[in-house]
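Have the viewer open as you read.

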Amino acid sequence: MSEPHVSVRHVTKEFGAHRALTDMSLDVTAGEVVVIVGRSGCGKTTLLRLIAGLEVPDAGEVWLAGRQVAAAGRSLLVPHERNIGFVFQDLALWPHLTVRQNVEFVLESGGMPKPERTSRVQEALATVRVEELAARYPHELSGGEQQRVALARAIVARPAVLLMDEPLSSLDPDLRTTLRTELLRVQRASHVTMVYVTHDGEDATVLAHRVIEMRGG
């Protein structure tokens with residue numbers, strides 16, 4: 001068996017008196033789509049944030065591509081060096097930036113030269129089919145269009161791992177079905193490793209290679 005691309009090993013995480021994760025372990029192989037289901041408060045989002053480096057474990061380790069990136073109480077690799085894309089539940093688009101600027105910012109902050117940035121941004125917008133919206137601002141977009149832009153921003157740097165936190169939860173059923181299909185298309189084209197958090201069983205049915213249910217961390 002090949003070495004896992006994402007490995008969470010015996011991780012515990014507490015927030016004050018609340019224990020979000022208890023001795024949690026998870027291995028995800030390269031190119032696999034793991035869908036994590038469970039009730040609100042069971043630790044799903046905390047797990048994603050630990051993988052991304054936005055939180056550090058109180059106990060245990062996090063490994064990416066065979067490299068340890070977090071240990072108890074400390075991060076060993078900063079988030080922007082982990083080669084991870086993250087689609088947040090609230091999307092977190094910057095309201096003062098256009099669609100193009102939202103997506104380009106990821107590459108600009110990484111120091112990519114302007115000509116290459118332009119090409120990459122155009123590719124990402126085309127992949128999720130919003131290139132005609134490049135000059136608009138987030139408030140000028142529908143919910144589904146905002147979801148697509150958030151996905152473009154997450155994939156523009158060609159991450160090895162894509163973390164998705166309830167990315168379709170606020171959409172109506174028809175639009176959710178459409179974007180679910182788009183996500184599947186993007187993942188199959190890029191072979192990106194994906195950890196996808198959801199309450200929706202249909203998301204799991206359509207997207208997952210493997211489904212994991214979390215209960216109480």
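Let us begin with helix α1, residues 44-52, which is mostly covered, with 7 of its 9 residues buried. Those buried residues are Lys44, Thr46, Leu47, Leu48, Leu50, Ile51 and Ala52. Just past the end of α1 comes Gly53, whose phi is positive, at about 90°. Please keep in mind throughout that this is a predicted model.

**The antiparallel sheet**

What does α1 pack against? To see that, look at the open sheet of 5 strands in the order β2-β1-β4-β5-β6, where the pairing is antiparallel. Its edge strands are β2 (18-28) and β6 (74-75), and each of them pairs on one side only. Strand β1 (residues 6-15) is joined to β2 by 7 bridges, and the two run antiparallel. Within this pair, Phe15 stands opposite His18 in β2. Helix α1 packs on this sheet, where it touches β1, β2 and β4 (59-64), and the direction of α1 makes about 120° with that of β1.

**The parallel sheet**

A second open sheet has 5 strands in the order β7-β8-β9-β3-β10, and here the pairing is parallel. At its edges stand β7 (84-87) and β10 (210-213); each has a single partner strand, so one side of each is left without a neighbour in the sheet. From one strand to the next, the twist averages 15°.

Is strand β9 in this sheet enclosed or open to the outside? For β9 (residues 193-198), 6 of the 6 residues are buried, so the strand is largely enclosed by the rest of the structure. In a regular strand, side chains alternate between the two faces of the sheet. In β9, Thr193, Val195 and Val197 point one way while Met194, Tyr196 and Thr198 point the other way, and all are buried. The cut-off behind that word is a relative accessible area under 20%.

Now for the partners of β9. Strand β3 (residues 33-37) is joined to β9 by 5 bridges, and these strands run parallel. In that pairing, Ile36 stands opposite Val197 of β9.

**How the helices pack**

| Helix pair | Angle | Axis separation |
|---|---|---|
| α2 and α3 | about 125° | 9 Å |
| α4 and α5 | about 15° | 11 Å |
| α2 and α4 | about 25° | 8 Å |

How do these angles read in words? Helix α2 spans residues 99-109 and α3 spans residues 114-127; at their packing angle, α2 and α3 are therefore oblique to each other. Their crossing is right-handed. On the α2 side of the contact are Val99, Arg100, Val103, Glu104, Leu107 and Glu108, which meet Lys114, Arg117, Arg120, Val121, Gln122, Ala124 and Leu125 in α3.

Helix α4 covers residues 143-155, and α4 and α5 are therefore roughly parallel to each other. The crossing of α4 past α5 is right-handed. Their contact is made by Gly144, Gln147, Arg148, Leu151 and Ile155 from α4, together with Leu175, Thr178, Leu179, Glu182, Leu183 and Val186 from α5. An α-helix has 3.6 residues a turn, so residues three or four places apart point the same way.

The remaining pair in the table is α2 with α4, and these two are therefore roughly parallel to each other. Helix α2 passes α4 in a right-handed crossing. Here Val99, Asn102, Val103 and Val106 of α2 meet Val149, Ala152 and Arg153 of α4.

Helix α4 lies across β7 and β8, and runs at about 165° to β7.

Technical notes: Residues numbered from 1 in each chain as written. Predicted model: local features only at pLDDT ≥ 70, side-chain atom pairs only at ≥ 80, totals over all residues. Heavy atoms only, no water. Buried < 20%, exposed > 50% of the residue type's maximum accessible area, 1.4 Å probe, protein only. Helix = DSSP H or I, 4+ residues; strand = E, 2+ residues; numbered from the N terminus. Pairing = 2+ DSSP bridges. Contact = heavy atoms within 4.5 Å. Axes fitted to C-alpha atoms, helices over the stretch in contact; angles between N-to-C directions. Parallel < 35°, antiparallel > 145°, perpendicular 65-115°, else oblique. Left-handed = near helix turned anticlockwise from the far one by under 90°.
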